[in-house]
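Work through the exercises below with the model open. Try each task before you read its solution.

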Amino acid sequence: MWEVILGGVLVVVLMIYTLTGGADFGGGVWDLFASGPRADRQRTTIGKAIGPIWEANHVWLIILIVLLFVCFPKAFAILSTALHLPLTLCLFGIVLRGSAFVFRKYDPDNREAWRRVFAIASLVTPMMLGMTLAATSGGYIRIDQQGRWMHQDGYLATWLQPFPFMAGLLAVALCALLAAVYLLGETDDADLREDFRRRALTAAVAVGILAFATLGVALSNAPHFGWRLSGSAWAIPFQLLAGATALSVFACLWLRRYAAAKFAVGAQAVVMLSGWALAQFPYLIVPGVSIADAAASEKILAMTFWILAGGMPLLLPSFFYLYRVFSFSASR
Amino acid sequence: MTDLLAARLQMAMSLMFHILFAVAGIAMPLLMVLAEARWLKTRDEIYRTLAKRWCRGTAILFAVGAVTGTVLSFELGLLWPGFMEFAGPVIGLPFAMEGFAFFLEAIFLGIYLYGWDGKVPERVHFVAGILVCICGTLSGIFVVTANAWMNTPAGFDIEQGMAVNIDPWAAMWNPASLAQTSHMTIAAFQSVAFAVAAIHAAVLLRNPGATAHRKALAIALPVAVVTALIQPLSGDFSAKVVAESQPIKLAALEGQWETERGAPLRIGGWPDEEAEETRYAIEIPYLLSILAFNDPQAEVAGLKTVPPEDRPPVAITHFSFQIMVGCGMVMMLTALITLFLWWRGAKGPPQEWMTRHPWFLKLLIANGPLGLIAVEAGWIATEVGRQPWVIQGVMRTKDAVTQVPNIWMSLVSFTLLYLFLGIIVTILLKRQVFASLPGDGPNTDPEVD
C-alpha cells in the first residue's frame, strides 16, 4: 500500500520537475535555436525568465533522487549500476548547464562561448534523462534469480536502443514546447511573442509526431511497455485524453490564448507522464523489479511520506512566492 | 588502478571540490545579511553596495555548489550502490530533511540575489537573507549527520545482510552527530570569514583608505574571531567522541601504535606503517590521555589492537589531522592578536586600528586559506581514518563499491571538468573582488545589474 503511494509521489515529483526544470532546459534549447532579427532579444528574454528560478526548479531532481534511494534502495542500486553511462552524461550536462548559465552573466568577455555551452548542455541533459527513464521501461535491464542485474549484458545494451533514443528526443521536444509556451508570458513585445508562438507551434507538432513514433518503436523494441500503452483496457481513453490535450494546446496557440495555452501544455505534459507511469505500473524496472520488490519497510515509507506532507506547507508557499515575485507581470 | 581506488579518489575529489562551494553557500549569506543590517540601520550606501557585491560572488559559488552537490547525490549510487542499498532507508531521514532545507535555501537565495532595488519589499528581502542563512546551515547539519552515522552507525539491526528494525531518528542523532555537526558548522563560518577577511585585507594593504573594504573587514573579522576561538573547544569535544566511539581512528589521527596509559600527544612525526611506530614526533607526555579522556592515566588504545587489514592508512590520517589542528591553532592565535589590537585601538577612530599596522593586514592575508585548508584536511582525516570501513564495523568500503569497470575513466573526466570549473571560478571571483570594488564608496562602482 505505502509503496504504491510513494511510487505515486515519485511520479508527481517527476511531473513537477518536468513542468519547472524541464522548461528551463527547453529555454536553453531555444537559446540554441534563437534566430531571425530578434535572436538577441529572444535570448535575453530566456535568460531573464529562468535566472532567478532555475536553481529552485533544479532541486526537484534532487528530491526525486533522494526519494528513490530512501524508498526504493534496491532499484536505486540497480539503476545507478546498469545506467551508469547515461547518468554520468546527465551529470556532465547538469554541471555544465548550471555553471555556464552563471558564467555567462559574470564573464562578459566570453559570453558567447558560455552561451553555447549552456545551450548545448540544455539539449543533452533532457535527452539523457529521457533515455534513462525509457531504459527503465524497455525491458533491457534484466534481473537474475537473486534479484541482481545481469551485468554480462554490458553497459550499453541497457539504454542505447531505438526506443530510449526516441523517448529522449520526445523529452527534448516536450521541454522545448513547455518553454516556448511559458516564454509567451515573459514578454509584451508583439513581434517577440510571434517568434515564440511559431516556436511553440513547431514544438507542438514535433511532440505529436515523436509521441506516435516513440509508441511505434516501443511496440517492437519495448513490447511490454508498447502493448500497455496501446492494447490495455485504459489505452484507448488515455490516447483520446492525450490527443485532446495536444489539440487544445494547438487551439490555444492558434487563437493566441496564451494564458490558456500555459494551462493546456501543462495538462499535456502531465497526461503524457501519467501514461508512462500507468504503462510502467507495477514495475520500477520493467520487468524484473516491481515497486513492492524494491521498497523499503512500511515504516520508512510512511515516515518519508509524512515528512514530505509536513514540509510542503513550508515549501510550496515559498516556491509560489518566488514565482510570483519574478513573474513578468509582477515586474511591469 | 583498481576500480575501488578510482572510486574512492573520485568521491574524495568530488567532495573536496563541493565542500568549498558548500561552505560559501552557508557562510556568505551571513556576511551579506550583516552588511544589509548595517545598511538598514545606518543607511550608509557603502553597506548596501557591499552586500550586493558579495551577492555577485555568492551567485557564482552557489550555482556551482548546487550542481556539484547534485553530482554527489548521484555518485552515492554511481560509485557505492552496495552502500546505498543498505544505508539508503536508514539515513533517509536526514537526506529528506536536507532536501527540504536546500530547497528553501535555493528559493530564498533566488529572492535575495534577484530581489534588490525594490523588486521585493526591503523587509522581505532582509528576512529572505536570514532564511537563506538558517536553511543553508540546517542543510549542512542534516548532511553531516548522515556522515556521522557512517562513523558511529546506530538505529538498526542486521538480518541477512540487510538493515531491519530501522529507527531513523536514532540513526540521525547517532553518537557522533552533535560533535560533527557543530565542528563543521563552525568550520563553515570560520573558513569563509577568514578567506573574506584576507581578500579585503589585501586591498587595504594596497589602499588603506578604501572605506568599503574597511567596512567589509569590520564585518568579516568578528565572525572570524568568534569562530576561531570556539572551534578549538568544539574540536576537543569531537576528539573525545572519537576516542570513545572510534578508538582506532583516534590512534591513527595521533600515530599511536601501542596501547598505553598516560599516552603522549604527538606533534608532527612520521608514522612508519612497516615498522609500526611513529618517528621524529615531538611528544608531550600524558597530554593525549588528558585530551581524550580528561585523565592523565587513561588508557589509549593503539593501532596494534587490530590486525593490519583493519587499520586505516595511518600516515595520511595523521598528517591531515596535524594540518587541520595546526591551521586551527594559527587562526586562534590570529584571533587573540586581533582582539588585542581592537582593545588597544578602541579609543581611536572606529575601525582605524585595523589598518594601522601593515603587518596585521599581512597576517590576515596569510590566514586567508587556512580555514579552507583545515576543512579539507579535516574531511580527509575523518574519512580516511574510518577506512577500511564505509560504515564503521558494519560494511567495508570494498564491499560497497560499484561493479562498473573502468572507473578511472569517470575519475579522469570528472577531475578535468572540475579543474576547468575551478579555474574559471577563481578567475571570475578575482575579477569581481578586485575590479568591481575599488573601495572609496559606491559612486566609483559600476552599478549591479
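This is a predicted model: local features need pLDDT of at least 70, side-chain atom pairs count only at pLDDT 80 or more; totals for chains, interfaces and linings use all residues.

**Exercise 1.** Is B:Phe21 buried or exposed?

Step 1. Take the cut-offs: buried means under 20% relative accessible area, exposed over 50%, and partly exposed in between, with a 1.4 Å probe and protein chains only.
Step 2. B:Phe21 has a relative accessible area of 7%, so B:Phe21 is buried.

Residues are numbered from 1 along each chain as its sequence is written, chains are lettered from A and ligands numbered from 1 in the order written, and side-chain values use heavy atoms, without hydrogens and water.

**Exercise 2.** Classify the aromatic pair of B:Phe17 and B:Phe21.

Step 1. Rings of Phe, Tyr and Trp (its six-membered ring) pair if their centres lie within 6.5 Å; planes under 30 degrees apart are stacked, over 60 edge-to-face, the rest tilted.
Step 2. By this rule, there are 30 aromatic pairs over all chains.
Step 3. For B:Phe17 and B:Phe21, the centres are 5.0 Å apart and the planes 50 degrees apart: the pair is tilted.
Step 4. Locate the two residues. Both are in helix 1 (residues 3–42) of chain B, four residues apart, about one turn of the helix. Helices here are DSSP runs (H or I, at least four residues), as strands are (E, at least two), numbered from the N terminus.
Step 5. Compare another pair. The ring centres of B:Trp353 and B:Phe360 are 6.2 Å apart and the planes are at 40 degrees, so this pair is tilted.
Step 6. Widen the view. A:Phe92, B:Phe17, B:Phe21, B:Phe414 and B:Tyr418 are linked by ring pairs into a cluster.

**Exercise 3.** How many residues of helix 9 (residues 247–254) of chain B are buried?

Step 1. Seven of its eight residues are buried.
Step 2. Name some: they include B:Ile248, B:Leu250 and B:Leu253.
Step 3. Look just past helix 9 of chain B: B:Gly255 has a positive phi of about 65 degrees.
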